[in-house]
Amino acid sequence: KAGLVYSDVLTTVSPRYAEEIQTKEYGCGMEGVLGARRDDLVGIVNGIDPEEWNPETDPDLAARFSAKKPEGKAACKAGLQKENRFKVDSRIPLAGIITRLADQKGLDILAPAVEGFMKRGVQLVLLGTGEEKYHQLFQELAKRYPTQLGAHILFDAKMAKRIYAGSDIFLMPSRYEPCGLGQLISFRFGTVPLVRETGGLADTVHDFDPKTGKGTGFVFKDYDTSVLLKTLDRALAAFRDEKAWSKLVKNVMKCDFSWASSSK
């Protein structure tokens with residue numbers, strides 16, 4: 001609190017989160033002092049190192065690709081499908097999630113939605129560790145749906161890259177998210193984020209409109225399993241429209257969330 005009171009300027013990792021922490025829901029008891037300093041509080045979106053996350057040069061991927069030469073992404077998807085013993089088929093939508101397995105990350109609305117993903121024919125790859133209840137739940141679900149769900153309860157940096165590169169959709173249904181790096185990394189790999197409108201996710205992912213071709217992902221507001229599934233349905237409708245999906249992938253790969261951009 002002394003730091004917040006006596007600093008010249010206060011900063012956090014996204015403009016939306018700077019607003020949210022001035023409310024009781026997100027302020028953790030500091031909302032009063034943050035509200036009093038609102039004129040000195042600024043949100044600057046986090047950045048990523050575009051060379052560390054570069055599908056054009058990454059040696060850990062099944063194939064290299066870029067916005068201008070996107071063909072290699074199909075090989076990355078096929079590789080991820082093989083690795084998880086899924087049917088190898090480019091027409092089957094593949095969703096990835098790399099996260100801490102905790103309620104904050106939206107696992108409490110994602111877990112009940114998994115059956116809905118399976119019924120819709122989606123392949124789902126999960127990577128992460130966290131609360132024991134989610135370790136058990138996803139391991140059980142993977143046994144129940146071995147041809148559609150890969151649950152990797154560990155941290156593996158190279159596998160994370162393979163998931164970013166091989167997925168069509170990247171899931172971040174967070175309850176709150178100060179900035180989030182997953183969606184910024186997924187942009188680099190031409191993978192479309194499906195996110196909840198909170199914190200930095202609200203600042204960086206803009207809802208796709210198939211009529212105008214504008215947008216960089218699929219965004220929902222209400223923290224609810226049924227709303228998550230409705231948003232998935234919108235994403236799947238776009239995925240089935242080859243022209244719309246190709247436009248969306250180009251949109252996301254044009255995004256620049258490097259530190260060079262943020263630091264300006």
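1. Eight aromatic pairs are counted in this model, where rings of Phe, Tyr and Trp (its six-membered ring) pair if their centres lie within 6.5 Å, and planes under 30 degrees apart count as stacked, over 60 as edge-to-face and the rest as tilted. One of them joins Phe-187 and Phe-257, a stacked pair at 5.8 Å centre to centre with 25° between the planes. The two residues are 70 residues apart, with Phe-187 in helix H10 and Phe-257 in the loop between H13 and helix H14 (259-263). Helices (H or I, at least four residues) and strands (E, at least two) are DSSP runs, numbered from the N terminus.

2. This is a predicted model, in which local features need pLDDT of at least 70 and side-chain atom pairs count only at pLDDT 80 or more, while totals for chains, interfaces and linings use all residues. Residues are numbered from 1 along each chain as its sequence is written, and side-chain values use heavy atoms, with hydrogens and water left out.

3. Phe-187 has a relative accessible area of 1% and is therefore buried, the term meaning under 20% relative accessible area, with exposed over 50% and partly exposed in between (1.4 Å probe, protein chains only). A stacked pair is also formed by Phe-218 and Trp-245, at 6.4 Å centre to centre and with 10° between the planes. This pair links strand E8, which holds Phe-218, to helix H13, which holds Trp-245, across 27 residues. Phe-218 is buried at 2%, and Trp-245 is buried at 9%. Separately, Trp-53, Tyr-164, Phe-170 and Phe-189 make up one aromatic cluster.

4. The six strands of an open sheet follow the order E5-E4-E3-E6-E7-E8 with parallel pairing, two strands being paired if DSSP finds at least two bridges between them. Because E5 (149-152) and E8 (218-220) are edge strands with a single partner each, one side of each has no neighbour in the sheet. On average, neighbouring strands are turned by 15° against each other, direction ignored; axes here are lines fitted to C-alpha atoms, for helices over the stretch in contact, and angles run from 0 to 180 degrees between N-to-C directions.

5. How many bridges join strand E3 (residues 94-98) and strand E4 (residues 123-127)? Five bridges do so, in the parallel sense, and within this pairing Ala-95 stands opposite Leu-124 and Ile-97 opposite Leu-126. All five residues of E3 are buried, with Leu-94, Gly-96 and Ile-98 pointing one way and Ala-95 and Ile-97 the other. In a regular strand the side chains alternate between the two faces of the sheet.

6. E3 and E6 are joined by two bridges in the parallel sense, and Gly-96 stands opposite Phe-170. E6 is covered on both faces, since Ile-169 and Leu-171 on one side and Phe-170 and Met-172 on the other are all buried. E6 also runs parallel to E7, over four bridges, where Pro-193 is the bridge partner of Phe-170. From E6 the chain passes through helix H10 (residues 182-188) to E7 in a right-handed β-α-β crossover, that is, one whose path from the first strand over the helix to the second runs clockwise with the strands pointing away from the viewer.

7. Lys-77, in helix H5 (residues 72-83), deserves a separate entry. Lys-77 counts as buried at 5% relative accessibility, and a polar atom of its side chain lies 2.8 Å from the backbone oxygen of Ser-90.

Definitions and conventions:
Polar contact = N/O pair within 3.5 Å; in protein donor to acceptor, adjacent residues only side chain to side chain.
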